[in-house]
Amino acid sequence: MYVLDLKKEFYEFLAGKRIFLIVHYDIDGICACKILQSLLKYRNILYTLAIVRGRAEIKQAYIENSEDVKYFVLINCGGTIDIAEELEADDNITFFILDSHRPIDLCNIYSTEQVRLLSGPEEEALVPEFDHIFRDESDSEASNEESEDSDGGNRAAKRRRLGEEQIMKRREKRLWEENKNRLLFEYSQFTYYSKAVSKCERKLSLSAIFMFDFAWKLNKDDKELLWLAIVALTEQMLSGKIDNTQYTLEIESLRAHCKRLQNKTSDTDVQTSLKIVFEKDLKLALYRHWTVEHSLKYSMFTAVRLKLWTLKGDMKIHQLLADMGLPLVQSRQHFKSMDLQLRKEFHGSVEKLAEKYNLQDIEFASFILQYGFRNKFCASDIVYALLAILEASVSACRCSGANYYVIFLQPRDKKPEELFNQALDCLSRSKVEVMNNAMERAKNIAKTLFKTVQSAVDMKQIITAGPFVYYIIREGCLDWYMFSHLHILALLAQFILKAYVSMSRNRKASTLPLIVSAPKDLERGTCLLLGIPPVCENSPRNFFGKAFEQAADKMKCEVNCDYLDTSYIELRTEDRTRFFDALAALLN
């Protein structure tokens, strides 16, 4: 059921009660969690926190705490599964769910009391009617009893014993079942993220934006909470989870909040005051904290548009810098060390030359966070830093050369709780050093992504398999262990597909989806698969969740569907070729 009065049925209802927070391991979930934590402090609500990455961890967290806690709040998880059935929850347990993953499971929507959805229904969801999906089976008991009371006799004799009314009921039930299966398939065939669909009656999309809006209605919002919502929105845009229209709708609303809070503040001290400025930014990764040459080369947008993995594309960078009047000596210095005049003119110079170098969409609306004289961060900078933290590993920091096999066999992943706390520190103004260290790791990730794409294109490793293309990351490739992390694999998939479309002579290249495979667990011999929609899609709706499920059923192979985003799947490496064949036959 949907919660209509958030203040009364959620916020005030939980006052004085102990709750358990279950937060998904992504940036939107972390930002939403931090906003909610600030709201819980006002009512002195006690809570325990758990970080989860899949269904198994949700179940484990529930089992360990269900005896002590009766109220569970799930952020960015639990909405797409029948949570009460999945966890085999007692009737006295109540779940509050705020999840930006779509579609929401119908059992959660039509639950009477146990499951309470904080986000409102969407106009585009086309949720089937209750009577079309759920049915009281008491009407069909007579027909079931008939099949049990006769042991022998031929089919004609049985049919004669059936009355005309029972025959009609059987036919009606069969038609109802067919209609139910059709409606369920149409409702769940695509996975996507919640959308803002109306300017007048706005449906809030991301969990962090929803939580900030709720804080605003409680008159408990501030600029730090607004910044969390901005970071979450920017991550969704950079990851391709939302389209440009939705991003524009949300950014305009946040801009209005930015103006309101800027006028509301009374802190005028430059060294302590927090300032959020709306301005046009460039799709260049970390260029304020890097060299201009490296940012131009390793950013996905410029690399794809200029084909920088080719010799001709590499020459275009120097030609672009020359047209901008930016000497190589300056472009190879840290951006903050460049001449002041060149820094001031950089944005305008790129904008003037955008059409000449096919960089027309290099600008996008964003926000800048500034406090003190030296600390100035763009929202996209923070996103890259957070991604580097969430997917950090010990081996990624220490691995080099031929020794990587030895180090890789050691436990390499830090605990999610530890990385979650580092991500919270990165979002804090007092932990600038954590943020700077994360940005250095983000630069290494950007370099690895570019070099992997360059190798894939040069070696022609992006293979066409009929209705889709695929790319397989082999063990022993450059930093291959890094791509077992979901967020980095998603960034690579975007980069690979856009590079393939830009280089391919196939007219249908822009209509082909991509599947990327990376090694997951060497000991168990499993690999990770991710499917993303084609670049021609206006809305990033992903059909691979259902396709993977049907292909696995057809093959009857063992797969791991534990991930909350069903476009990821884990299977045995030896089954991968057969799985691709089954998928190609299915999509054809």
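This note covers a helix packing, some aromatic ring pairs and one proline.

1. **Ground rules.** This is a predicted model: local features need pLDDT of at least 70, side-chain atom pairs count only at pLDDT 80 or more, and totals for chains, interfaces and linings use all residues. Residues are numbered from 1 along each chain as its sequence is written, and side-chain values use heavy atoms, with hydrogens and water left out.

2. **Two helices.** Two packed helices are described by the angle between their axes and the distance between the axes. Helix α2 spans residues 27-42, and helix α21 spans residues 416-426. Helices (H or I, at least four residues) and strands (E, at least two) are DSSP runs, numbered from the N terminus. The axes of α2 and α21 are 11 Å apart, at an angle of about 70 degrees. Axes are lines fitted to C-alpha atoms, for helices over the stretch in contact, and angles run from 0 to 180 degrees between N-to-C directions. α2 and α21 are therefore roughly perpendicular (65 to 115 degrees; under 35 is roughly parallel, over 145 roughly antiparallel, the rest oblique).

3. **Their contact.** I30, C33 and K34 in α2 meet F420, A423 and L424 in α21. Contact means heavy atoms within 4.5 Å. Five of the contact residues are nonpolar, none is polar and one is charged. Ala, Val, Leu, Ile, Met, Phe, Trp, Tyr, Cys and Pro count as nonpolar, Asp, Glu, Lys and Arg as charged, and the others, Gly among them, as polar.

4. **An edge-to-face pair.** The structure holds 27 aromatic pairs. Rings of Phe, Tyr and Trp (its six-membered ring) pair if their centres lie within 6.5 Å; planes under 30 degrees apart count as stacked, over 60 as edge-to-face and the rest as tilted. Y110 and F134 have ring centres 6.0 Å apart and planes at 80 degrees, so this pair is edge-to-face. The two residues are 24 residues apart, each in a loop. Y110 is partly exposed, at 26% relative accessible area. F134 is also partly exposed, at 26%. Buried means under 20% relative accessible area, exposed over 50%, partly exposed in between (1.4 Å probe, protein chains only).

5. **A tilted pair.** F548 and F579 have ring centres 5.7 Å apart and planes at 50 degrees, so this pair is tilted. F548 sits in helix α24 and F579 in helix α25, 31 residues apart. F548 is buried at 1%, and F579 is buried at 0%.

6. **A ring cluster.** Ring pairs join F10, Y11, F13, Y71, F96 and F214 into a cluster.

7. **P327.** This proline lies in the loop between α15 and α16. P327 is partly exposed, at 40% relative accessibility.
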